[in-house]
Amino acid sequence: MSTEQKTPNAMREPLSVLEVRILRGPHLYSATPMVRIQLDLGCFESQPTSSLPGFTEKLLSAAPGLARHGCSQRKPGGFVERLQDGTWLGHVIEHVALELQTEVGMSVTRGKTRSVRGRTGVYNVMFAYRDEELARAAGRLAIELVLSLIDGAPRALGLDRIAPRLTQVAGMAPARAAFKRLADTRRLGPSTQAIVDAAERRGIPVTRLDDRSFIRLGWGSAQRRLRASISSATSHIAVETAGDKDLTKQLLLNASLPAPRGGVVRTPDEALRLARTIGFPVVVKPLDANHGRGVSTNVRARGMTEAFARAKAHARRVIVEQQFEGRDYRALVIGGKLVAVADRVPAFVQGDGVHTIAELVDLKNQDPRRAAGHANVLTNIELDDGTQAVLARTGLHLNAVPAPGQRVPLKQTANLSTGGEAIDRTDEIHAENKAVVERAASIIGLDIAGIDLVCPDITRSMRETGGGVIEVNAAPGLRMHLAPSSGRARAVGEAIVDALVPRGQARIPVLAVTGTNGKSTTARMVAHILRQTGVRVGLSSTSGAYIDDQCIWAGDASGPKTARMLLSDPTVDVAVLETARGGIVREGLGFDRCDVGAVLNISADHLGVGGVETLKDLAAVKSVVVEAVRRRGVSVLNFDDAHTRAMARHAGGRIAYFSMRPGAMADPILSQHIEAGAMAALLETEPSGEVIALYEHGERYRIMSAAALPCAFRGAARFNLANALAAAAICKGAGVELEAIQRGLKSFNSSFEQNPGRMNVFDTHGVRVILDYAHNPGALAALGEFVAASSDQYERVLATVSTPGDRRDEDIRAMGEIAGRTFDFVVFRERPDARGRAEGDVMRLLTEGARRAGMCESDFLCIAGEAEATAACLSRARARDLVVLMPTDVDAAWAQIKAFKPNSSVTPRDRAAVVSGQPMTSEL
């Protein structure tokens with residue numbers, strides 16, 4: 001039966017959700033954060049949309065906005081063409097997930113759907129998002145919506161993997177209503193959103209710190225925080241002062257600013273006496289409430305008791321003050337400068353001779369700009385007791401039908417929170433009035449202040465017309481300036497961001513290091529060099545997360561979660577981030593871009609894991625780091641590694657190569673690179689020996705001799721020379737002075753304290769022990785070169801060897817083969833986490849490799865436990881032996897080494913030689 005002849009009723013194999021990932025930073029597929037849902041289309045793999053009767057029409061009816069999607073055609077209607085020509089449901093689900101988010105105000109447009117290599121019918125469906133929880137719900141709802149349009153479609157499996165906490169709702173209409181309610185709870189308010197949008201337009205990293213309006217702008221020590229329009233620069237004293245309306249008024253009057261006379265009262269009788277002193281009418285309001293709550297205007301003697309009670313309901317103390325005549329204005333002052341003025345109009349309706357006042361209010365509340373609370377730019381008008389009181393004064397009631405054109409006031413105050421509207425008057429304010437509001441904000445001490453004015457005409461000086469400042473507000477709302485009912489919208493979000501975060505000062509430098517081997521050592525070298533310059537360094541590595549020398553989290557910290565943790569710390573001045581493959585595949589990078597990115601090498605490791613099957617695949621994952629380098633940054637690449645060198649085509653910023661190759665300058669690509677003034681770090685030979693040299697802007701700088709690098713063991717540890725070249729280029733790319741680079745490299749050694757688990761030497765027992773985390777063939781081969789370079793120093797070389805169980809069989813055998821060629825005696829062991837392999841399987845494959853290298857059965861042991869394997873290896877050590885331990889638990893192994901007591905074959909002369917710091921026979 002052909003594809004066209006199949007009917008949906010014949011479908012049996014359901015669509016299944018296999019995996020869900022939230023890609024929070026740049027990743028293999030895009031620089032845009034996305035949700036990735038891996039789908040097995042099941043029976044729908046043979047059912048493109050063109051074969052599903054009526055599907056396109058039903059889909060467009062359910063989500064009309066899809067008609068605007070351009071898709072690969074890059075024009076409105078392009079996606080509809082794809083539907084009609086025939087596309088697969090994974091692609092459809094991608095677009096529906098985007099459209100569902102857009103429908104509820106979280107506009108997103110980027111998406112991708114890609115088939116998974118070697119797996120028929122399996123697709124990675126990816127779509128952008130602004131809120132993770134809402135995006136998960138959108139992904140789930142998109143699948144349910146699409147399947148609901150196909151007659152006889154089986155229910156999808158695994159939906160809980162996408163949104164496990166989303167309650168299943170019967171029927172699409174209730175489900176979409178629930179989705180909209182979720183969006184309402186997740187959406188930021190207009191004021192906060194305006195600030196976030198402004199920050200994002202400036203390229204400032206934005207992080208939401210809670211489910212409300214707590215926002216961080218920027219990273220590390222450059223960060224600023226906001227809750228709505230209260231900033232980390234807002235004085236607590238100023239907020240407290242603004243909250244005390246009587247104190248505010250006194251401070252303004254003391255500064256000769258126009259403010260109402262009045263005072264604080266505790267009883268209705270006190271209120272009446274003060275009002276008579278001031279003169280009627282007066283304003284009665286709570287001492288410290290906001291949003292116009294409990295405020296009564298035009299109060300006279302007979303209304304005092306009621307007005308006092310209304311204010312008392314919102315505060316323990318009540319203010320009675322002089323009432324200024326005129327219009328109600330709100331001036332927004334940011335950083336001491338006036339940026340916006342709104343003429344606030346109390347809520348009203350206008351009669352049409354047909355509808356009652358209550359009906360007119362309902363009609364007005366249907367304006368899409370209005371919503372309950374502060375979610376939209378305008379607030380719904382509520383018909384409460386205050387409304388009834390205002391109407392009663394004009395002889396009207398809710399069921400009255402006002403005449404055509406009759407304006408009916410509904411509220412006493414002009415607050416937007418009670419349904420009021422705003423007219424922009426920013427360009428009309430008189431210069432003297434502008435000076436008054438700017439001084440008022442300064443006197444109270446607020447960096448962001450909402451100044452309430454009442455005066456007859458904002459275009460004339462209040463000193464001439466009367467009126468003045470009636471309140472100064474902390475955390476002012478921005479809605480009236482963002483979308484006034486009339487007049488020009490003001491960029492108040494931008495004004496707040498500009499005042500809070502000076503241009504170019506939102507980020508701390510981010511230096512990211514990746515590669516197969518050498519990441520930890522290079523990152524630690526870079527961090528050590530940077531500390532020489534006096535900055536506080538946040539470092540992530542496989543051994544932990546550090547701020548300067550303090551470990552703040554122990555364990556593998558080479559993923560995006562730790563990167564975000566360090567970038568969120570306000571004490572960190574620069575971040576050095578070891579960036580491993582697993583985190584990039586799982587979640588993307590922990591940052592949106594970096595100043596320097598480095599890829600050290602690409603060799604066989606983790607192949608066959610997470611869809612990474614070949615070295616080319618691995619290189620594509622690692623290249624995400626250098627693709628995230630900012631335009632003015634630097635990408636540091638290993639010129640000697642073909643996969644790494646090829647990344648120059650897509651890397652961001654300027655390219656800096658490093659090379660260990662003898663005579664590298666003879667290579668025309670590298671020589672042209674240097675002649676063009678670009679950067680390179682090379683290991684070169686001078687008459688005195690090998691040196692580390694750095695080239696930039698056509699100049700050559702001699703950094704140091706290779707022999708002066710402590711961690712290179714007089715050049716025997718070639719891998720650490722390569723790491724030093726990379727570190728020098730990284731630091732130079734970050735703007736570090738050459739003297740600091742030189743000083744840092746000369747003082748960096750392989751001690752356990754400086755570089756745990758990487759070439760740590762312990763030889764006070766007469767037997768030299770080296771601790772190194774070599775866990776893949778490339779690392780073990782490099783360690784073997786070091787051992788071979790110093791083989792004449794030792795009688796025998798003993799080792800413990802293992803590798804993670806999730807590696808390919810061929811890679812595990814390769815580890816055993818390298819060990820068989822390198823060491824005289826090996827203890828093969830299992831790692832604590834078998835990672836899916838049966839017990840003993842890793843040791844079996846390692847020994848197969850060792851035999852392939854010609855190692856005899858008597859030359860190796862298999863011991864499962866790490867501590868037992870370490871003990872067995874150490875106990876066999878004799879005088880002039882070298883023991884190489886490659887542990888999983890570095891700290892435990894180091895403690896075991898220090899507690900080790902050598903056997904009797906180690907002579908006092910051997911111990912004395914090592915204790916004195918001399919090698920056993922000749923210099924290493």
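Start by selecting D184, which is partly exposed at a relative accessible area of 38% (buried means under 20%, exposed over 50% and partly exposed in between, using a 1.4 Å probe and protein chains only). Before you move on, note that this is a predicted model, where local features need pLDDT of at least 70 and side-chain atom pairs count only at pLDDT 80 or more, while totals for chains, interfaces and linings use all residues. Residues are numbered from 1 along each chain as its sequence is written, and side-chain values use heavy atoms, with hydrogens and water left out.

Next, go to R344 and D328. They form a salt bridge whose closest N and O atoms are 3.0 Å apart. R344 sits in strand β14 (residues 337-345) and D328 in strand β13 (residues 327-334), so this pair ties together parts 16 residues apart in sequence (strands are DSSP runs of E, at least two residues, and helices are runs of H or I, at least four, both numbered from the N terminus). Are these two buried or exposed? R344 is buried at 5% relative accessibility, and D328 is buried at 17%.

For the helices, show α3 (residues 89-103) and α4 (residues 132-148). Their axes come within 8 Å and cross at roughly 125° (axes are lines fitted to C-alpha atoms, for helices over the stretch in contact, with angles from 0 to 180 degrees between N-to-C directions). That makes α3 oblique to α4 (under 35 degrees is roughly parallel, over 145 roughly antiparallel, 65 to 115 roughly perpendicular, and the rest oblique).

Stay with α4 and pick E144. This residue forms a salt bridge with R155, the closest N and O atoms being 3.9 Å apart. E144 lies in helix α4 and R155 in the loop between α4 and α5 (172-186), so the pair ties together parts eleven residues apart in sequence. E144 is buried, with a relative accessible area of 11%.

Then select D131, E133, R186, R208 and D211 together: salt bridges link them in a network. The structure holds 65 salt bridges.

Last stop: W553, in strand β25 (residues 550-554). W553 is partly exposed, at 41% relative accessible area.

Note on methods: A salt bridge is a side-chain nitrogen of Lys or Arg within 4 Å of a carboxyl oxygen of Asp or Glu.
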